[in-house]
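Hi,

Here is the structure I promised to hand over.

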Amino acid sequence: MDFYTQLFLYLSILYISLYLLFLVFRKKPSVPNLPPGKKGWPIIGESLAFVGAAKSGCPEKFINDRTAKYSPEVFRTSLLGEDMAVFCGASGNKFLFSGQNKYITTWWPTSMKKVAIFPETMEKFNKDDPKKMRSFLPEFLKPEALQCYIPIMDSMTKDHLESDWSPYEEVKVFPLTKNYTFALACRLFMNIKDPKIVSKFADPFARIAPGLTSVPINIPGTPFNKAVEGGKVIRQELLNIIRQRKQEISEGKDANARDLLSRLLTEADDDGSVYYEMDTSNKIIGLLIASHDTTSTTITVIVNYLASLPHIYEKVYEEQMEIAKSKAPGELLNWDDIQKMKYSWNVACESMRLTPPAQGSFREAITDFTFAGFTIPKGWKTFWTVYTTHKNPKYFPDPEKFDPSRFEGNGPAPFTYVPFGGGPRMCPGKEYARLEILIFMHNLVTKFKLEKVDRDEKIIYNPSPVPSNGLLIRLQPLNQ
Ligand code: HEM
């Protein structure tokens, strides 16, 4: 018997034994009136059904099946080894978004904590990390700072399309947008301009995302193990960069650099310790993770819609050409131009409604509390998800139709359109993402007409939405 067969055998015996113990010793719940639903299998709970629905391209199926069977307001399940209450509909979203530190608090799955936020060496220094993570962001993401990023984003987008799209008749969009958004983040977060250093980060970084929501088994070959190893490489590279930047700052070099790392090193309270450096590198890694898959998949999915729906492309093209015509040759986009891209943003919003880049997020109950007549016990995890509202005909009539006019006027009802979450924990990178997406759309549609090569290519969820074959697009260059 080879090693893996033996391992499989031992794990199966262990699993069956644990299950039998569970059946023998399971107690009746001590808290009455729990939300309806089921826990599924021991340890893995209903995780397989949850992941399976996403992989088959229909992540909302897991939610819809259960809201129909149990309750449209809240149901119980077990995901990632935890008892979990899934809050549904606009009222469920509202309740969770307004409950921070009253009845719920931040919670990250173990895999995410270990890979991205609390590597083992940092665990005792980072108990308060989510709060710290948010506290340094306003400076970097405030409107004045964002305005300075527009010309950088615009010129990097132009260079990217010129070098990586223009020479070809057909391109695979997803790998290209991943490279582009990563290079942009390296530039704006760390002032890294050299493509060789960017690619040193890109390879280990690509190993992190699939491990973030995986089962945290750290043996060679598992997605979790690959993510942990990728995280170590990135952390080491970042520490080198941090030390080099500290040296440059002390020598007064590049004094006007506006990237996040330079700000953290010049404005924060650096006590010179290795833990301060580790903490800084963790913040950067956290931000790279939060921003990268979300923006790269959003842009890819928008390109997919633009290439599939010529009437939508035409209207985006008209809006963007108006802006392009108003510019002098070589003049870069500015804040006022972005405010004129209203139709394009409605298209991006409709794209994020139908194919949301992030599924939702978790919290933990800090006390027993009641919602819709059901009790959520202290210690349970909660989950809000875009899938209970984004395709619900009650909030979005004819939900499968791509219709950007839904965002005109007052737009969707409160707490129904939630790709960035809501309340005090709402995504702090929303405006940054809006700029990046609109600047990309402007440069893309004013440069090319687009045609999807395989019209039947599907979007699958991993857990972010990705085209199953990378999205091959035929480009028709436009005379500008
Ligand atoms: C289309 C792009 C993006 C989408 C759809 C998105 C979506 C989300 C969602 C759903 C959350 C969870 C909110 C919650 O827990 O209730 C979140 C959190 C977060 N996002 Fe984004 N995001 C995007 C881009 C970005 C960017 C570009 C950045 C940084 C520049 C960023 C930084 C963060 C951070 C730091 C958090 C954690 C906030 C906290 O824990 O309090 N995101 N995002």
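Let me start with a pair of strands: strand 9 and strand 12 (residues 472-477) run antiparallel and share five bridges. Strands here are DSSP E runs of at least two residues, helices are H or I runs of at least four, and both are numbered from the N terminus; two strands count as paired if DSSP finds at least two bridges between them. Phe 448 has Pro 477 as its bridge partner in strand 12.

Some background before going on. This is a predicted model, in which local features need pLDDT of at least 70 and side-chain atom pairs count only at pLDDT 80 or more, while totals for chains, interfaces and linings use all residues. Residues are numbered from 1 along each chain as its sequence is written, and side-chain values use heavy atoms, with hydrogens and water left out.

Back to the sheet: three strands make up an open, antiparallel arrangement in the order 4-12-9. Strand 4 (170-172) and strand 9 (448-452) are at the edges with a single partner strand each, so one side of each has no neighbour in the sheet. From one strand to the next, the twist averages 35°. Helix 9 (residues 173-190) packs on this sheet and touches strand 4 and strand 12, its direction making about 65° with that of strand 4. Contact means heavy atoms within 4.5 Å, and angles run from 0 to 180 degrees between N-to-C directions of axes fitted to C-alpha atoms, for helices over the stretch in contact.

Strand 8 (residues 381-385) is mostly covered, with five of its five residues buried (under 20% relative accessible area; exposed is over 50% and partly exposed in between, with a 1.4 Å probe and protein chains only). Lys 381, Phe 383 and Thr 385 point one way, and Thr 382 and Trp 384 the other. Strand 8 pairs in parallel with strand 2 (residues 82-87) over four bridges, where Ala 85 is partnered by Thr 382. Strand 8 also pairs with strand 5 (residues 360-365), antiparallel over five bridges, and there Glu 364 stands opposite Lys 381.

For the ligand, the iron atom has a single protein donor, Cys 427 (SG), 2.3 Å away. Donors are N, O and S atoms within 2.8 Å of the metal (3.2 Å for Na, K and Ca), and sites may look incomplete because water is not among the atoms. Cys 427 lies in the loop between strand 8 and helix 18 (430-445).

On confidence, the mean pLDDT (the predictor's confidence in each residue, from 0 to 100) is 87, and 86% of residues reach 70 or more.

Best wishes
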